[in-house]
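Please keep the sequence and the model in view while reading.

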Amino acid sequence: MDVRRIISVVATALLLVAFVAPAVSAEAPSPQAEALLKIEPSLRPLAASGDNQLVHVFITAHEGTQVEQYMEQSFARPAGLPGDQMTFGFIRASNLIKVAGLKGVTSVQPIVLERNGPVSPPADFQRQPDLKAIRARLAELKANAVSYADAPELKGREDGAITGWHDVGPTHKSSLAWDKGYKGDGVLVAVADDGVDFAHPDLMDTWATVEDPESPYYGWPMMFSPISMYLYALDNYFGYDYTASNVITWYSDTSATPAVDATSEEAAEGKAHLTYAPVGGARSTAHTYIIPDTSVSGVYHVGSHPDDNLAAYYGEAVAVLVVDEHTAGVYDTVYVDLDGDYDFTNEKPVTKASPASYRDMDGDGYTDISGGLVYFIADGVNPIPASDWLYGEPFAPIPANGSLVAFHGAFDAGYTHGTQCASNVVGQGVLNAMAPVYNDLPGDGTPGGMVVGAAPNAKVVGISDIYYNFDSSKLDTYLFSVLGYDGIPETGDEIQIVSNSYGSSDQDNDGWEFDGRYLDQLVRLISPSTSFLFSTGNGAPGFGTSAPPSPSVGIAVGASTQFGSTGWDSITST
C-alpha cells in the first residue's frame, strides 16, 4: 500500500474542503434573529415588517412569563407540560419579536380560523355526484320515503363472511395478522382529521365509548373537537357568538325553547308544533315543525345542525330537537330533521344507547342520510368532555341544561379525508361500492364487502376538525390523546394509536421543530404507551426532509401508489 499516496489524497481533500467551506462567524446571533426562530415561519415576514396589524396568536411559554403585557386581549391555560402555559389572544405585529424575545417564550404561532385541509383528489376525479345530482336523488328518496320507525334493521357485517379484496394487492397482508388473532380488539385508535362519518354502513358501531363507570360520560361516544372547544372559549370569555351563529363549530346551540302549540287539530292527534328559524345556509327562514309529543316537562330545546353538506342540499341548516323523554328536565334524546321536511316525528331518536343520527329513506337496509354522532347533551351539571381540564372556568363554563349538543361527523362540504382514514382502520366490509366483478370469486363474482380495515375490531375516537386553527388544534390533539377524557395520565382512557395523515410541505420538520419536540415531551413524560403515526407525505422542501411533525417517538408511515389502483394518482403522470 502506498502510504504517501493516501496522505496526498487526504491532504488534497482537506485543502478542497477548506477552499469551498463557507466561513463560520464566531459572532452570536442577534437577539432579533433568536426571537424570529421562535416565531412560526408564516408569521416571520409580518413580525420583521413592524406593521401595526392585529394578529390572532397563541404563545407557549414557561409559567409566569409575562406575555400579556404585549397583547391586546388574552387568556392563558396550561400547555400540558409541567411548568408550561399557552396564552391565546391578539397582538400587534410590531410586538411579535418583542414577545418572542422573552426568555421564557418557546413559540409564537398563528391562530387562523379558516380551513387548511388535506390534499383532495384532483378536480377531474369525479366519483362524487354534484349538488344537482344529490338534490335529485334526495327528491326521489323523499317521494317514496319510509319513516325511521318503519325502516328495516340495518344490514351489517357477518364475521367470516368477507370475501372482498381486503388485502390491497400483495402488500398489506392484514389477513395474516387476523389469522394470528390480531384484529384490533381493545385498541383505541384516534383519527385526527376532518371528521368521520360513523353513520356510513362500513363504519357503523365502530366508534369508541367511555368505558369508566365512574365517568359522567359513561356509555357515550368518546370524541373531541379542538376547534369547537376553542370557539366556545372565545364566545364565553371575549363575547363572540361562533356557537350561537353556527359558524365553524360542531356544537349545536340548543338554548332556544320556542313555545309549543298544543291547541291545534294536529296537536290533538299527538303532533304538536313549534316555530324555529335555522341558523346557517343560504337563508334563515322560520318554519313550523311537527314535534313528537314525548317531552315529560313540555319544554323542548331546538337548534341548528352543524353539517355544511345538509345545509347545501336544503339551502339552510336542518333543525335539531332535544327532548326529555323519561324524566322532566333530563334531556336524553335528540332528533335531527335529516330529510328537511320540518317534521321530527319520522326521524330517529338519538340517545346514549343509539348515538348515531341517520335515515334509511328507501328501506333497503343501508343508511342514505347521515347526521353524525351525538356524544354530549348539556345537563347543566357536567362540562363538555375535556373542557374542564383543558380550559376550565371562566373560559369554558358548564353549558346550561339542554342548551348544547356536541356532534361528530364529516360535516365539511364535499370530500371527507377523515372517513377514508377511519376506513383503513375499521372498515367493516358491508358495502361493495363500485367494486368490479372478479372471475375468481365464488357465486356471481361480486366481492362480499370491498373495504375492510386492517384492525376491524378496534374502536375509533374522532378528533376534528383539526384543519381549522391547524397549529393549535394539532397541539390540543396531542394533549388530549395522552390524557383522555379525564385529563389524568395512566387511567386507562388514553389513546393507544393516533393517526395523523397530514403535513405542511413548506416546512422542514426534522425532529427539532416545535411540534416534534412538544410531542416528544408529552409521550416521554405523560403517556409512553401512546403511539403517534405520521404520514411521510404529501411533500417537503427538499431531499431528506419530512412534511409532518417528526418527533423521535413518532412512527413515520410511507405510502406508495399501486400503479393506478386509486384511479387518479398513477405512475404514468406526475
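Leaving aside neighbours within four places in sequence, Tyr391 is in contact with Phe75, Arg77, Phe88, Met229, Tyr230, Ala233, Ala396 and Asp476, where contact means heavy atoms within 4.5 Å. This is a predicted model, in which local features need pLDDT of at least 70 and side-chain atom pairs count only at pLDDT 80 or more, while totals for chains, interfaces and linings use all residues. Residues are numbered from 1 along each chain as its sequence is written, and side-chain values use heavy atoms, with hydrogens and water left out.

A charge sits over a ring if NZ of Lys or CZ of Arg is within 6 Å of the ring centre and within 35 degrees of the ring normal. Elsewhere, the charged end of Lys474 sits over the ring of Phe470, 4.7 Å from its centre.

Tyr391 also belongs to a cluster linked by ring pairs, together with Phe58, Phe75, Phe88, Phe90, Tyr230, Tyr237, Phe238, Tyr240, Tyr242 and Phe395. Rings of Phe, Tyr and Trp (its six-membered ring) pair if their centres lie within 6.5 Å; planes under 30 degrees apart count as stacked, over 60 as edge-to-face and the rest as tilted. The structure holds 29 aromatic pairs. In one of them, Phe58 and Phe88 are stacked, at 5.9 Å centre to centre and with 25 degrees between the planes. This pair links distant parts of the chain, for Phe58 is in strand 1 (residues 54-62) and Phe88 in strand 3 (residues 84-92), 30 residues apart. Helices (H or I, at least four residues) and strands (E, at least two) are DSSP runs, numbered from the N terminus.

Phe58 is buried, with a relative accessible area of 0%, and Phe88 is buried at 0% too. Buried means under 20% relative accessible area, exposed over 50%, and partly exposed in between (1.4 Å probe, protein chains only). The rings of Tyr240 and Tyr242 have their planes at 50 degrees and their centres 5.9 Å apart, so this pair is tilted. Tyr240 is partly exposed, with a relative accessible area of 34%.

Next comes the nonpolar interior. A nonpolar core is a set of buried Ala, Val, Leu, Ile, Met, Phe, Trp, Tyr and Cys residues joined through side-chain atoms within 4.5 Å. The largest has 82 residues, and Phe75, Tyr391, Val461, Tyr478, Phe480, Tyr518 and Leu522 have the most contacts inside it. Helix 7 (residues 226-238) gives the most to this core, with 8 residues. Another core lies apart from it, with 22 residues, among them Val318, Val320, Val322 and Leu338.

Leu96 lies in helix 4 (residues 96-100) and counts as buried, at 0% relative accessibility. Not counting residues up to four places away in sequence, Leu96 touches Ile39, Leu43, Ala47, Val57, Ile91 and Val108.

Val498 has Phe532 in strand 17 as its bridge partner. Strand 17 also pairs with strand 18 (residues 555-557) in the parallel sense, over 3 bridges, with Ser535 opposite Val557.

Overall, the protein chain has 13 helices and 18 strands, and 49% of its 574 residues count as buried.

How values were computed:
Two strands pair if DSSP finds at least two bridges between them.
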